[in-house]
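Dear colleague,

Please find the structure below, handed over for your records. My notes on it come after.

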Amino acid sequence: MKIIVVFTIALFVGALALTDEQKAKLKEYKDSCIAETGVDAAIVENAKNGNIAEGDEKLACFAACFLKKMAILSPEGNLNEEVLYAKLPSSIPKEKADEVFQKCKNLGGANVCEKGGNLMKCFLENKKFIILN
């Protein structure tokens, strides 16, 4: 199942065609993480469109929740590169994705939420690199 990277790229790049099954699973994860974190759905949509609310702890926790549900982050906040690369959609050249993931993979945070938020921000800041290069 490519849902992990598909979501990450779809959330942070927003340019992939997803299957109905993938869309349903992503919506399930999104709805669940919105409910768990209490983040405003409009803030999530704004982030998806590149307008990240700086310092929004609920948004950071949403990002961590989403990444954990997709197994990109362990419950302890460790990035699972094997899962990430195993689920990389064929529409994304591995070498381009690798450059972005190498930039983002060592980001930390004071807690799992902050790390998830930092990863989300990094992916968003580098999304044009995947699309345009």
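This is a predicted model: local features need pLDDT of at least 70, side-chain atom pairs count only at pLDDT 80 or more; totals for chains, interfaces and linings use all residues.

Residues are numbered from 1 along each chain as its sequence is written, and side-chain values use heavy atoms, with hydrogens and water left out.

The whole structure holds six salt bridges (a side-chain nitrogen of Lys or Arg within 4 Å of a carboxyl oxygen of Asp or Glu). One of them joins Lys-30 to Glu-45, with the closest N and O atoms 2.4 Å apart. This pair links distant parts of the chain, since Lys-30 lies in helix H2 and Glu-45 in helix H3 (residues 41-48), 15 residues apart. Helices are DSSP runs (H or I, at least four residues), numbered from the N terminus. Another salt bridge is formed by Glu-36 and Lys-69, at 3.0 Å between the closest N and O atoms; here helix H2 is linked with helix H4, across 33 residues. Glu-36 is exposed, at 54% relative accessible area, whereas Lys-69 is partly exposed, at 32% (buried is under 20%, exposed over 50%, partly exposed in between, with a 1.4 Å probe and protein chains only).

Not counting residues up to four places away in sequence, Thr-37 touches Lys-58, Cys-61, Phe-62 and Cys-65 (contact means heavy atoms within 4.5 Å).

Yours sincerely

Conventions: Helices (H or I, at least four residues) and strands (E, at least two) are DSSP runs, numbered from the N terminus.
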